[in-house]
Amino acid sequence: MLAHKVVHETHVAAEVIAGELQGNQVKKGLSPWTASGRAIANGREEGFTKLLLDDSPEAHGHGRILGGDTVGEIALAIEMGADAVDIGKTIHPHPTLGESIGMAAEVAHGSCTDLPPARK
């Protein structure tokens, strides 16, 4: 059932081996599900959404999307060359887990204002 994912990952692995993705300095943006209305409503707020972004000097601080957890939007973002600002400025429906993608982008960009205080 996941043949499409395996084929894509094989292509990515081949590109890495061939050196096509060298030079990326990876930065991650994490959005805890404790900040997601949908996760809270589902009683499943123990997770998080992760984005991986290019933080190399060639990216000029824009954080081009390299990967992440929620496949549909992330695949489109990669294909379009979207960066953290593009994803962060995209209006995501509320309450959905999809909105945590935008929050993770805002965390990576440094503009997120919606995170709960860290638990002690």
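Okay, hi everyone. What you see is a predicted model, so local features need pLDDT of at least 70 and side-chain atom pairs count only at pLDDT 80 or more, while totals for chains, interfaces and linings use all residues. Residues are numbered from 1 along each chain as its sequence is written, and side-chain values use heavy atoms, with hydrogens and water left out.

Let's start with the strands. Helices (H or I, at least four residues) and strands (E, at least two) are DSSP runs, numbered from the N terminus. Two strands count as paired if DSSP finds at least two bridges between them. Strand β1, residues 26-32, runs antiparallel to strand β2, residues 48-54, and seven bridges join them. On the other pairing, β2 meets strand β3, residues 65-68, also in the antiparallel sense, over three bridges. Look at L53 in β2: K27 stands opposite L53, and in β3 the bridge partner of L53 is I65.

Now the inside. Buried means under 20% relative accessible area, exposed means over 50%, and partly exposed is in between, using a 1.4 Å probe and protein chains only. A nonpolar core is a set of buried Ala, Val, Leu, Ile, Met, Phe, Trp, Tyr and Cys residues joined through side-chain atoms within 4.5 Å. The largest one here has 12 residues, including L51, L53, I65 and I101. At least two residues of this core come from each of β2, α3 (71-80), α4 (84-89) and α5 (99-109). Which helix gives the most to this core? That's α5, with four residues.

So let's stay with α5. Eight of its 11 residues are buried, so α5 is largely enclosed by the rest of the structure. Among those buried residues are E99, G102 and M103. The cover over them includes β1, α2, β2, α3 and α4. For contacts, the rule is heavy atoms within 4.5 Å. Leaving aside neighbours within four places in sequence, I101 is in contact with T49, L51, T70, E73, I74, I87 and H92.

Next, charges. Side chains of opposite charge can pair when their charged atoms come close. We call it a salt bridge when a side-chain nitrogen of Lys or Arg is within 4 Å of a carboxyl oxygen of Asp or Glu. How many turn up in a search of the whole structure? Two. In one, E46 joins R44, with the closest N and O atoms 2.6 Å apart. E46 counts as exposed, at 56% relative accessibility. In the other, D54 joins R64, and there the closest N and O atoms are 3.4 Å apart. D54 lies in strand β2 and R64 in the loop between β2 and β3, so this pair ties together parts that are 10 residues apart in sequence. D54 is buried at 5% relative accessible area, whereas R64 is partly exposed at 36%.

Finally, two spots in the loops. S36 sits in the loop between β1 and α2 (37-42). Is S36 buried or exposed? Buried, with a relative accessible area of 1%. Not counting residues up to four places away in sequence, S36 touches T96 and L97. And P95 is in the loop between α4 and α5, where the peptide bond from H94 to P95 is cis, with omega near 0 degrees. That's it from me, thanks!
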